[in-house]
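Have the structure open while you read.

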Amino acid sequence: MSRVALVTGGSRGIGAAISTALKKAGYSVAATYAGNDDKARAFTDETGIKTYKWNVADYDACVDGIHQVEGDLGPVEVLVNNAGITRDAPFHKMTPEQWKEVMDTNLSGVFNMTHPVWPGMRERKFGRIITISSINGQKGQFAQTNYAAAKAGDIGFTKALAQEGARAGITVNAICPGYINTEMMSTIPEKVMNEVILPQIPVGRLGEADEIARAVVFLASDDAGFITGSTLTANGGQYMA
Ligand code: NDP
């Protein structure tokens with residue numbers, strides 16, 4: 001029987017590429033999303049991957065949602081914590097709401113999703129937790145104190161939990177993408193892209209969502225059983241952590 005993989009924010013952007021690549025690799029995949037029903041419906045129509053709506057910032061909603069996924073597909077063996085948001089502002093203008101929203105989604109969301117699947121993984125002596133952090137959690141970024149703090153927190157979470165999971169056959173890893181060619185990037189003016197962003201990237205291009213997805217498929221596989229607590233940097237050489 002195929003393993004069950006749950007991808008948060010798996011209906012669009014990098015998450016959609018991850019969900020699709022895991023399905024192609026033979027997993028039974030569930031993809032979650034926050035509220036964009038049209039995108040989720042189109043994604044299901046296109047890929048056959050079932051989507052589930054709940055807010056990863058809400059612990060009880062995560063417990064209920066995971067329960068539903070497990071009823072439909074079976075125990076979650078691979079969890080990809082991909083859902084994430086930005087609420088950028090220079091620190092002197094950042095509101096407590098902007099800080100909280102990002103911490104609740106990008107950091108507490110990882111706790112909220114991982115905590116309910118952890119006991120089952122421990123019992124079955126197998127699990128894969130893969131969290132999509134960010135280059136900006138490694139190096140910081142102007143106007144992203146909230147995002148950088150949350151994404152750096154994801155890395156600390158990964159390193160600590162990897163130690164707890166090791167003897168139970170559970171690996172816990174983080175991936176730190178650099179600039180990835182998603183919808184978010186298409187809003188950046190061409191001049192900024194060519195004169196500011198691309199010159200920072202030694203390979204001279206943005207990353208593709210599929211390139212992150214392939215890394216996830218590898219970390220989820222049996223071949224990656226000796227890799228835990230690691231932070232995989234995928235940024236075209238922009239920052240070598
Ligand atoms: P997108 O904005 O394209 O997609 C985000 C996904 O997460 C959507 O499916 C969205 O659902 C879902 N989501 C957002 N908030 C919540 C929530 N509170 N609860 C449940 N689901 C939620 O993101 P990207 O593909 O650009 O980014 C994916 C991950 O990669 C994020 O963690 C991001 O921080 C990280 N990253 C992205 C980079 C990039 O260049 N794009 C670079 C480095 C890291 P809905 O569709 O309903 O809104």
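How many residues surround the ligand, and which are the closest?

1. Keep in mind that this is a predicted model. To take the question: the ligand has 29 residues around it, and Gly9, Gly13, Ala34, Asn36 and Gly84 are the closest. The largest share, 3 residues, is from α1.

2. What kinds of residue make up the shell around the ligand? There are 14 polar, 12 nonpolar and 3 charged ones.

3. Now turn to a pair of helices. Helix α3 covers residues 59–73 and helix α4 covers residues 96–124; their axes come within 9 Å and cross at roughly 45 degrees. That angle is why α3 counts as oblique to α4. The crossing of α3 past α4 is right-handed.

4. Which residues make this helix contact? On the α3 side they are Tyr59, Cys62, Val63 and Ile66, while α4 brings Asn112, Met113, Pro116 and Val117. Sorted by class, the contact of α3 with α4 has 7 nonpolar residues and 1 polar residue, with no charged ones.

5. One more residue to look up is His115, which sits in helix α4. Is His115 buried, exposed or partly exposed? It counts as partly exposed, because it has 13 C-beta neighbours inside 10 Å, and exposed would need 12 or fewer.

Key:
Residues are numbered from 1 along each chain as its sequence is written. This is a predicted model: local features need pLDDT of at least 70, side-chain atom pairs count only at pLDDT 80 or more; totals for chains, interfaces and linings use all residues. Axes are lines fitted to C-alpha atoms, for helices over the stretch in contact, and angles run from 0 to 180 degrees between N-to-C directions. Helices (H or I, at least four residues) and strands (E, at least two) are DSSP runs, numbered from the N terminus. Angles under 35 degrees count as roughly parallel, over 145 as roughly antiparallel, 65 to 115 as roughly perpendicular and the rest as oblique. A crossing is left-handed if the near helix is turned anticlockwise from the far one by less than a right angle, and right-handed if clockwise. Two residues are in contact if their C-beta atoms, placed from the backbone, lie within 7 Å. Ala, Val, Leu, Ile, Met, Phe, Trp, Tyr, Cys and Pro count as nonpolar, Asp, Glu, Lys and Arg as charged, and the others, Gly among them, as polar. A residue is near a molecule or strand if its C-beta atom, placed from the backbone, lies within 6 Å of it. A residue is buried if 20 or more other C-beta atoms lie within 10 Å of its own, exposed if 12 or fewer, and partly exposed in between; C-beta atoms are placed from the backbone.
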